[in-house]
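Please follow this walk through the structure with the sequence at hand, taking one region after another.

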Amino acid sequence: MRVLVVEDERKTASFVRKALQAEGFAVDVCHNGDDALAATTATPFDGLILDIMLPGRDGLSVLCQLRERKNTTPVLLLSARGEVNERVEGLNAGADDYLPKPFELAELVARVRALTRRGGDNKSTVLRVADLTLDTLTHKAQRGDATIELTAREYRLLEFLMRSAGRLCGRMMILEKVWDYNFDPGTNLVDVYIRRLREKIDANFEPKLLQTVRGTGYFLKEQP
Amino acid sequence: MTIRTRLTVWYAAIFSVSLLVIGVSMYSELVVEQRAKIARHLGGSVDEDAGTDITQIIFFYGGAAVAVGALGGWWLTRRALAPVMALTAAVEKIHENNLGGKIPYSGNGDELDRLTEVFNAMTTRLNESFHRIREFTLHASHELKTPLTILCGETETELRDESLAPAQHDRAASQLDELRRLARIVDSLTLLAKADAGQIVLATETVRLDELVRDNFADAQILAEPLDIKVKLEKCEEIFVRGDRHRLRQLLLNLADNAVKYNQAQGSVTMSLRRSGEMAEFTIINTGAGISPEILPRVFDRFFRGDPAHNSTTDGCGLGLSIAQWIVSAHGGTIRIASEPSKLTMVTVHLPLSAPETKSA
């Protein structure tokens, strides 16, 4: 997987590159819009991380040019302005995701992973992680032979975690996908729900599936 | 007493006095002098009627003249003061959000036009300083975001380093927590600065408020559980409002979060949603320390935190209620807070019902 990071702030570009490289991505970096356009013409990328505020040609303009050239590389927009309208504008211009600054690194990595695996999602109606199964038609959850009762919200949370099994899910991403919040409510809602879910699916079972990465997010994984 | 009444009364009084002077001088000139003359020349009888006639004329016609004068004075002052009233009405409409608007000149080139000019110059200057303060906050919060992004990112990168000693790891994690708190404050500040500058456009649609309240009720229960606080939903009528779904959810969650945070263990939170005239009324009551009357009017102020002793244990940045207030007023509603210290606090939100809702109700 090869991704291009377009960010004029060198330090930001540097830690984003480090984090993505640590996750096994090959990372190229550009510091302005024109270089980014040139790079995408020369090399096919699996994903583009594009800052909106760039010197010269800005991120949105790069995105429009790209889509005009029928380049469908998935694009994640970054912005320090964080305006709701900007998000809508970006998605309309053909971006696949949008992340306001300051972002959590884990969040960024998780989103880039999701982006580059686009289309590869699990389409099966029964999701499975180890002996935990979730039927997306009947909304029935089971661990081994034991049936687990879930509330509507817990079900959506578990479904989301199981669909992205093995991948780290950041708090903002969970809030966005499970709660449909596009703002940070500043509460520990996600943590409390995760705790409840853990009690239901992990407390009386081995091995433990729901893992916490302190300060960054959660993931479901078979291995401890 | 208004200037107009006062001027009219004075006008009438002066008019009466001058009439009196004329009357007295006429009387002395015509009646007394004549009588003396006649007495001197004829030494006979005098027509006593002339004196009575003049008194009658003065009182009868004089009264009418005073009445006409008073009415005329009334009309005159009214005309003279009309530009002042217009000015007052125009000034009354000015508040911090429309300082840019100018008061129209009367065009007479008089003292009042001069006053209008001075007033307009003052509001222009005020508007400029308000604008500059808003711009400053907006720029400051934007400028803070880049270094914050770098700090958060680098601290997170450090945390990923497996060779980090546990003590260093803990320190970095705690730093990251504080950095995120700072990021949230900057976010809230940006939101308020943009709201002040009128830069936020609501994605307005017809929203079923009762569904949002039920959702919020479920979230509040979860938030309250670890503190052993009971959450009740007393009433939840089917209600439609026009509004921005995300902002309304933010408002409800914000209020619910506060109701849980500023509660006591084993306390309770009670929510209800009902129709009240042309408005939807949402109330949320929580038990707990409450808010003392002195600081109650200030709870919507930015960065205002009531009890300083409270701050160490309860997180948040003191911008939550300001944001809630902005969301409510952006939807054309009102938010009120009432409290009985050491007993309960009640927040009431009124939002206008959506148009078809008003008709059917």
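In helix H7 of chain A, which spans residues 171-179, the buried residues are Arg171(A), Met172(A), Met173(A), Ile174(A) and Val178(A); the model in which they are seen is a predicted one. The cover over these buried residues of H7(A) includes helix H5, helix H6 (152-163), strand E10, helix H8 and strand E12, which are elements of chain A. Just after H7(A) comes Asp180(A), whose phi is positive, at about 65°.

Two of the elements that cover H7(A), E10 and E12, also belong to an open sheet of three strands in chain A, with the order E10-E12-E11 and antiparallel pairing. Its edge strands are E10 (169-170) and E11 (210-213) of chain A, each of which pairs on one side only. Between E10(A) and E12(A), the latter made of residues 217-220, the antiparallel pairing rests on two bridges, and Gly217(A) in E12(A) is the residue that stands opposite Gly170(A).

Elsewhere in chain A, a parallel arrangement can be followed from strand to strand. Strand E3 (residues 47-51) of chain A runs parallel to E4(A) and is joined to E4(A) by four bridges, and the bridge partner of Asp51(A) is Leu78(A) in E4(A). To pass from E3(A) to E4(A), the chain goes through helix H3 (residues 59-68) of chain A, in a β-α-β crossover that is right-handed. E4(A) also pairs in the parallel sense with strand E5 (residues 97-100) of chain A, again over four bridges, where Leu78(A) has Leu99(A) in E5(A) as its bridge partner.

How many of the residues of strand E4 (residues 75-79) of chain A are buried? Five of the five are, so the strand is largely enclosed by the rest of the structure. In a regular strand, the side chains alternate between the two faces of the sheet.

The remaining part of the walk concerns the meeting of the two chains. Chain A gives 32 residues to the contact and chain B gives 32 residues. On the side of chain A that touches chain B, the elements giving two or more residues are H1, H5 (105-116) and H8 (189-201) of chain A, and H1(A) gives the most, with seven residues.

Helix H1 (residues 10-22) of chain A packs against helix H3 (residues 111-159) of chain B at an angle of about 30°, their axes lying 9 Å apart. Angles under 35 degrees count as roughly parallel, and H1(A) is therefore roughly parallel to H3(B). The crossing of these two helices, H1(A) and H3(B), is left-handed. On the side of H1(A), the contact is made by Lys11(A), Thr12(A), Phe15(A), Val16(A), Lys18(A) and Ala19(A), and on the side of H3(B) by Thr149(B), Ile150(B), Gly153(B), Glu154(B) and Thr157(B).

H8(A) also packs against a helix of chain B, namely H5 (residues 209-224), at an angle of about 75° and with the axes 9 Å apart. H8(A) and H5(B) are therefore roughly perpendicular to each other. Here Leu189(A), Val192(A), Tyr193(A) and Arg196(A) of H8(A) meet Asp219(B), Ile222(B) and Leu223(B) of H5(B).

Notes: Residues numbered from 1 in each chain as written. Chains lettered and ligands numbered in written order. Predicted model: local features only at pLDDT ≥ 70, side-chain atom pairs only at ≥ 80, totals over all residues. Buried ≥ 20, exposed ≤ 12 C-beta atoms within 10 Å, placed from the backbone. Pairing = 2+ DSSP bridges. Right-handed = clockwise from strand over helix to strand, strands pointing away. Axes fitted to C-alpha atoms, helices over the stretch in contact; angles between N-to-C directions. Parallel < 35°, antiparallel > 145°, perpendicular 65-115°, else oblique. Left-handed = near helix turned anticlockwise from the far one by under 90°. Contact = placed C-beta atoms within 7 Å.
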